Amino acid sequence: MRFFVTAKERAALKRLMPLLELNKLHFAAAVMLGALGLGASIGLGATAAWLIARASQMPPVLYLTVATVGVRFFGVSKAVLRYVQRLASHHVAINGIADLRENVYRKLASRKTDAIARLKRGDLLERTGSDVDALGDLLVKSVLPAWVAGVAGVGTVLGIALLSPAAALILGGALILSGVVGPLLTARYARLAELADEKARTELASQTLTLVDNYAELAVSGQMSEVRSAIHTTELELTKVKDQAARPAAVAAAIDHLAMGLAVIGAILVGIPQMHAGSLAAVALAVLVLVPLSAFEGTADLGPAAVQLIRSARAAVRIDEILSSDEAPQSTPITGVETGPVLRAENLSVGWPGGPVVATGINLELKPGSHLAIVGPSGIGKSTILFTLAGMLEPRAGRVTLDGTDVYGAAREDVGARLSLTPEDAHIFATTVLENIRAAQPSISEDEARALLDRAGLAQWANSLPEGLSTMLGSGGTTVSGGERRRLLLARALGAPAPLLLIDEPGEHVDNETADLLIEDLLGVPESGSDDRAVLVVTHRLTPLGNADEVLVLSSDGDGPATIVARGKHDQLIRENDSYRWALEREGSQKQLEN
């Protein structure tokens with residue numbers, strides 16, 4: 001393998017292969033079954049060659065009985081062993097890919113957010129999807145064929161050596177030509193094609209996601225044709241790359257046939273003199289000449305195996321790039337020294353990794369029973385504040401503590417037990433409505449889920465579902481409207497057991513009246529029966545904030561980061577802050593202003 005992959009790729013494979021949790025016993029069984037299957041094919045060829053040659057001498061029929069039975073035995077064994085070997089190898093591969101995917105996700109969860117924030121969504125999807133599959137295929141499509149070809153090749157050469165050491169040396173050299181030189185040349189071309197294919201696939205995934213996620217905006221702005229044209233161009237490039245990638249397979253096949261021909265010709269050249277010298281029987285010459293026709297079945301798979309090795313090695317590098325980033329310092333346990341949980345931000349400045357500070361001077365305290373709201377123009381940094389408060393982003397300055405412990409450096413299990421974040425673009429999983437709600441807490445019953453949906457304003461929708469809460473939803477919420485998606489996420493947030501809730505834009509994509517009712521409920525309208533948990537809501541709606549203990553108003557002069565320009569209860573801000581009162585007027589809340 002050292003000759004096929006670079007040092008960087010070897011290092012990535014060395015780090016990632018343990019994540020497959022390979023069962024060595026099962027893998028060895030797959031190799032042995034594959035070698036026996038290939039051995040049965042070679043045995044079939046050798047027995048058939050002997051039978052044909054011996055039958056030409058017209059011996060008594062009984063002399064051929066054992067060989068006839070042998071042909072049948074090897075023919076049946078070849079099919080059975082290869083079928084069983086496929087079962088064994090796919091068992092190893094499927095379990096390996098499942099373990100690999102789980103371990104990749106687990107490691108990603110312990111990495112700093114900036115390792116992922118730098119990537120486009122399409123690129124991240126490619127690395128955690130197709131690249132994980134490509135790395136998992138390394139076992140079945142690359143490593144296993146190499147082992148099978150090696151074991152069967154050595155066995156065949158040793159068997160031929162019993163008849164003719166010279167023919168065995170020729171066969172061994174031809175097998176090396178086909179099994180090493182051919183794949184090396186294939187790997188050379190495959191690497192160039194794989195690099196181009198990798199870029200094209202990533203770009204295609206990114207462009208497709210852009211089209212799917214922003215279809216309405218692209219249609220309104222008139223950019224739909226431009227995006228489709230870019231996707232078409234990328235598809236043509238990908239097709240061209242695939243055509244180029246077919247050339248290595250042709251080269252490998254040509255070298256394999258050349259090596260096979262050399263082995264046959266070599267067997268003839270050394271076998272005929274030995275037969276005339278009396279050291280080799282005539283029927284044995286037929287075996288020497290015809291066995292190579294079966295012996296190269298194993299090496300024929302090594303060209304594609306080399307291509308898969310390159311593909312898997314490149315995939316390992318891409319996965320390793322996001323896994324080998326610095327781990328987030330999430331090892332400090334939260335001791336709970338306060339009577340909390342209490343979340344505090346002190347002189348906090350926030351921003352995404354590699355970007356500017358977007359908000360600064362943030363001071364707040366959230367504890368059970370308190371209800372806060374952060375308001376401000378779109379894009380001013382409200383969501384970034386929530387991610388920083390939840391410990392997903394490192395503060396650019398100041399501190400965020402949870403029960404006295406820095407939340408960014410705290411153990412994620414301890415943070416999750418105390419605090420729950422529901423971002424605006426939280427994921428809807430391709431599973432049932434009930435399981436989507438249980439993502440917050442697995443023990444939620446169906447009755448509890450219905451109560452949560454009712455509180456989120458989805459009772460009528462839930463009752464209309466064809467299979468109730470067992471109705472399947474599309475990945476990303478593609479089978480529900482934007483408003484239903486937001487309220488489903490809100491129901492999930494309300495089902496979280498954590499006493500501190502951070503919720504981003506709960507009324508997004510919902511009509512104003514419904515959005516106001518949802519936010520009022522979150523902020524503790526007495527008759528709503530809301531619980532005593534703490535809630536911090538980020539919203540652009542001001543009308544429903546009458547029950548918030550405190551409203552924090554973010555604003556920016558356009559040049560520097562946003563700051564809190566006003567804070568206080570809703571009624572107080574109406575009286576004392578002209579900008580707040582003007583924004584409320586734009587929402588048509590004249591009745592509140594008159595009161």
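Reply: Buried means under 20% relative accessible area, exposed over 50% and partly exposed in between, computed with a 1.4 Å probe on protein chains only. Helices (H or I, at least four residues) and strands (E, at least two) are DSSP runs, numbered from the N terminus. The model is predicted, so local features need pLDDT of at least 70 and side-chain atom pairs pLDDT 80 or more, while totals for chains, interfaces and linings use all residues. Residues are numbered from 1 along each chain as its sequence is written, and side-chain values use heavy atoms, without hydrogens or water.

Me: How many residues of helix H12 (residues 382-389) are buried?

Reply: The buried residues in H12 are Lys382, Thr384, Ile385, Leu386, Phe387, Thr388 and Leu389. Helix H12 is therefore largely enclosed by the rest of the structure, and the count out of its eight residues is seven.

Me: Which residue with positive phi follows H12?

Reply: The phi of this residue is near 85 degrees. The residue that follows H12 is Gly391.

Me: What share of the residues in the protein chain is buried?

Reply: The protein chain contains 21 helices and ten strands. Of contacts (heavy atoms within 4.5 Å) between residues at least 6 apart in sequence, 75% join residues at least 24 apart. The chain has 595 residues, and the buried share is 48%.

Me: How is H3 oriented relative to H6, roughly parallel or roughly antiparallel?

Reply: Axes are lines fitted to C-alpha atoms, for helices over the stretch in contact, and angles run from 0 to 180 degrees between N-to-C directions. Angles under 35 degrees count as roughly parallel, over 145 as roughly antiparallel, 65 to 115 as roughly perpendicular and the rest as oblique. The axes of H3 and H6 are 9 Å apart, and the angle is about 150 degrees. H3 is therefore, relative to H6, roughly antiparallel.

Me: Which residues in H6 meet those in H3?

Reply: On the H3 side, the residues are Gln85, Ser89, Val92, Ala93, Ile97, Leu100, Arg101 and Val104. On the H6 side, they are Val132, Asp133, Leu135, Gly136, Asp137, Leu139, Val140 and Leu144.

Me: Which residues of H11 make the contact with H3?

Reply: The axes of H3 and H11 come within 9 Å and cross at roughly 30 degrees. H3 and H11 are therefore roughly parallel to each other. From H3 the contact uses Val104, Lys107 and Leu108, and from H11 it uses Ile319, Ile322 and Leu323.

Me: How do H15 and H17 lie to each other?

Reply: Helix H15 (residues 446-455) and helix H17 (residues 482-495) have axes that come within 8 Å and cross at roughly 125 degrees. Leu452, Leu453 and Arg455 of H15 make the contact with Leu488, Ala491, Leu494 and Gly495 of H17. The two helices, H15 and H17, are therefore oblique.

Me: What is the distance between the C-alpha atoms of Val154 and Leu175?

Reply: Val154 lies in helix H6, and its relative accessibility of 51% makes it exposed. Val154 and Leu175 are 21 residues apart along the chain, and their C-alpha atoms are separated by 9.5 Å.

Me: Is Asp403 buried or exposed?

Reply: Asp403 sits in the loop between strand S4 (397-402) and S5. Its phi is positive, about 55 degrees, although Asp403 is not a glycine. With a relative accessible area of 3%, Asp403 is buried.

Me: What is the relative accessibility of Glu21?

Reply: Glu21 is placed in the loop between H1 and H2. Its phi is positive, near 50 degrees, in a residue other than glycine. Glu21 counts as partly exposed because its relative accessibility is 47%.

Me: Which residues does Thr405 touch, not counting those up to four places away in sequence?

Reply: Thr405 is in strand S5 (residues 405-406). At 12% relative accessibility, Thr405 counts as buried. The residues touched by Thr405 are Thr332, Pro333, Ile334, Thr335, Val400 and Ala410.
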